[in-house]
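Dear colleague,

Please find below the structure that I am handing over to you. My notes on the surroundings of its ligands follow it.

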Amino acid sequence: MIEIDNQPVNATSQAVRAGLLAAVEAAERDPETGAVVIACAGRTFTAGGDISEFGKTPLLPHLPVVLNRIEAATKPVVVAWHGTALGGGCEIGLAAHARVMAADARIGLPEVRLGLCPGAGGTQRLPRLCGVVTAIDLATSGRMMAAEDALKSGIVDEIAHGDLRAAALARATAMIGAPLRRTGEIPVPDSPPDAVAAAEARARKEARGRIAPERIIGLIRRAGIVPFAEGLAEERATFFELMATDQSRALRHVFFAEREVGKIRDIEGVNARPISRIGVIGAGTMGAGIAVALLDAGYPVTIIETDVAALERGRDRIGALYDRMLASGRLTAEDRALRLSGATFSAELADLAQVDLVIEAVFEDMAVKKGLLVRLEAVTRADVILATNTSYLDLNEMAGVLARPQNLVGLHFFSPAHVMKLLEIVRAKRTAPDVLASAVTLGRRLKKVAVVSGVCDGFIGNRILAKYRAQCEFMLEEGALPQEIDTALETYGFPMGPFAVQDLAGLDIAWARRKRLAPTRLPDERYVPLADRLCELGRFGQKTGSGWYRYEGGKRLVDQAVTDLILEHSRAIGMERRQITPQEIQARALAAMVNEGARIVAEGIACRPLDIDIVMINGYGYPAWRGGPMHEADRIGLPAILKTLKPMQTRDGPAFEASALLVEIAAEGGTLAQLNIRG
Ligand code: 3HC
Ligand code: NAI
């Protein structure tokens with residue numbers, strides 16, 4: 001039995017590779033050893049290469065060499081997969097002569113998520129076991145596969161329902177003396193060409209600007225064409241080539257940044273308050289989604305609405321969310337029933353007397369929220385955590401009505417709340433450290449990427465979004481059309497351009513907000529009234545059949561009426577329209593985000609630039625392979641960002657004045673990344 005012990009995730013660092021090689025060789029030499037089982041200590045089998053070593057010169061022995069040695073062994077080698085056998089961890093198993101998997105284990109080749117291809121035989125061995133179609137699916141999506149599916153597809157030989165190591169040992173022992181099945185010697189099985197084409201098409205569609213998926217497809221296809229050793233060499237070369245790309249650097253930054261955001265200096269060592277029962281107030285769009293997110297994580301939830309009729313509508317909304325999961329096969333009928341059994345519905349605030357946390361998702365109205373908080377504080381325990389899902393309202397003002405303002409925190413979920421990974425945790429001036437720690441713990445339990453934000457209008461994400469959108473609207477006035485801007489930004493990597501997104505979400509809510517804020521707008525602020533014009537015409541987006549576009553039979557179409565409206569507007573304000581290139585659109589959109597991001601960091605609203613990257617990627621569709629706007633700004637250089645900002649400044653007035661922090665760092669020749677120290 002060879003046991004790898006390099007916790008937490010048993011990454012294949014140099015010492016592990018060297019140890020594994022030495023152990024396999026020793027086993028080969030040892031006359032007492034008839035067969036070998038490779039297992040891992042701790043919570044998981046190897047989760048792959050040590051990502052913190054990536055980009056540095058790899059130290060000997062290289063993993064492919066170790067794996068070739070395992071495959072060539074004359075004694076049977078069996079892996080015992082538990083937890084998540086990922087990347088190099090999966091590849092160790094593929095090189096073994098048999099694979100036994102715990103019933104709850106999962107395997108995967110997530111290298112693509114780091115902008116890489118598998119680097120230790122994954123693209124060459126996997127298709128030999130399961131065929132090209134499944135191999136393309138797994139390696140280009142990076143998704144994890146459950147044991148049952150791995151067995152069905154031929155990747156594993158056995159599922160251990162009891163003692164995994166004992167099962168692996170029994171299998172290895174039974175294999176002694178029998179001919180060994182070496183994966184590299186198995187021919188790649190034939191696959192129906194149309195199924196391969198469909199798998200490739202799916203992968204290409206999901207790639208959206210990422211280069212690794214196409215390279216992975218190429219390597220997997222080569223497995224059936226070139227000799228095994230040649231395929232391995234091509235894979236290794238591609239792995240290092242991809243490692244040196246900006247995309248892989250960016251995705252590695254994202255990997256570590258997503259883990260770093262949860263580490264907040266102020267709450268290190270602070271004990272979170274225990275949370276076992278939760279109340280949700282308001283079962284509208286957000287409340288229903290939040291309730292589902294909580295129920296999915298196993299919390300009992302009490303859902304409160306204003307009256308019985310609203311409560312019924314809320315119950316239907318939650319049921320409908322589960323129905324959709326059921327219809328798409330993501331949930332079984334039993335799971336649906338089990339999760340719903342955790343929900344209690346009530347029209348009485350007093351039913352929250354014993355909960356540990358209340359999340360309110362009522363109308364976005366300060367007076368409504370304040371009134372509710374006062375009543376809530378009166379019926380709940382003194383140590384209850386009160387959370388608001390407000391998108392914009394001032395938490396410090398809200399806290400002012402509470403006798404215990406330290407209990408208030410913002411939990412800003414994104415729509416749909418049970419799907420979107422981002423959670424902004426808003427820390428008000430008086431939020432207690434243990435309340436903040438509890439929110440971070442909750443975020444982890446909900447499997448969200450939780451980023452801490454200070455209080456400001458729109459917090460981190462919506463504040464940046466406002467500047468990004470404003471910049472796009474400026475470009476409408478100056479010469480671009482919505483479809484040109486959307487196409488440029490979709491080419492940049494956003495799944496949807498800003499105008500298509502607005503049509504999808506509905507233009508009316510933002511319109512109502514703009515009308516509310518109109519009296520406080522600065523007189524010299526550049527304001528583009530085009531969205532208001534659309535709303536005045538009843539064009540609220542997809543739900544009314546038209547907005548920035550026209551919609552017919554589910555298709556998005558360019559609308560001449562919108563073009564005319566924009567041209568007329570430019571004329572009316574005396575703006576001479578000019579051609580705006582896709583490059584300019586992309587540069588200005590990025591500069592607007594980076595500039596506001598730098599202000600947010602300078603004001604202490606975000607802990608570090610990396611928090612901004614993670615918010616924009618997980619909440620707003622910013623392409624992960626660019627690493628987030630702040631990472632991308634460092635890549636192209638801050639002087640270039642400032643140069644883009646300058647013409648924006650002269651035209652735009654104070655709204656786009658360059659952030660002092662940005663100017664300062666650029667002057668010193670520094671980078672935003674240097675501010676990525678523990679927040
Ligand atoms: N290398 C280095 N560190 C890693 C790591 C890796 N492959 N995987 C996880 N870690 C670190 C994390 O940064 C974290 O460190 P921290 O506590 O200091 O923040 C710690 O291990 C625990 O990780 P998580 O917080 O992510 O723990 P979870 O239990 O939530 O998730 C996991 C575990 C599913 C294994 C997840 O960590 C994961 O997906 N890891 C990455 C797996 C991966 O991408 N592997 C492929 C690597 S590339 C490769 O193998 C190349 C090969 O083909 C040659
Ligand atoms: P919604 O209008 O869909 O739902 C609000 C619900 O609250 C309604 O069902 C209403 O009956 C209920 N309600 C109002 N007052 C109540 C009270 N006193 N007691 C109990 N229930 C009450 O609104 P939506 O979109 O769900 O928004 C809720 C909150 O979430 C707002 O603060 C909003 O800014 C925020 N938010 C909204 C997002 C979105 O995309 N819709 C995204 C993130 C946050």
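**Surroundings of ligand 2**

Among the 19 residues around ligand 2 in this predicted model, those that come nearest are M286, E305, E364, K369 and S391. The backbone takes part through V362, of which an N or O atom lies 3.3 Å from an oxygen atom of ligand 2. On its own, ligand 2 has 830 Å² of accessible area, and the protein covers 78% of this. Two or more residues of the shell come from each of α12 (285-296) and β14 (408-413). By class, the shell holds nine polar, seven nonpolar and three charged residues.

**Surroundings of ligand 1**

Around ligand 1 there are 25 residues, of which R43, G49, E111, R259 and K263 come nearest. An N or O atom in the side chain of K263 is 2.6 Å from an oxygen atom of the ligand, while the side chain of R259 places such an atom 2.7 Å from a ligand oxygen. From the backbone, an N or O atom of G88 lies 2.9 Å from an oxygen atom of ligand 1. The protein covers 73% of the 990 Å² of accessible area that this ligand has on its own.

At least two shell residues come from each of β4 (84-86), α3 (88-95) and α11 (246-260); α11 gives the most, with three. The shell comprises 13 nonpolar, six polar and six charged residues.

Yours sincerely

Definitions and conventions. Residues numbered from 1 in each chain as written. Chains lettered and ligands numbered in written order. Predicted model: local features only at pLDDT ≥ 70, side-chain atom pairs only at ≥ 80, totals over all residues. Heavy atoms only, no water. Near = heavy atom within 4 Å. Polar contact = N/O pair within 3.5 Å; in protein donor to acceptor, adjacent residues only side chain to side chain. Areas by Shrake-Rupley, 256 points an atom, 1.4 Å probe, with all protein chains shown as cover. Helix = DSSP H or I, 4+ residues; strand = E, 2+ residues; numbered from the N terminus. Nonpolar A, V, L, I, M, F, W, Y, C, P; charged D, E, K, R; others polar.
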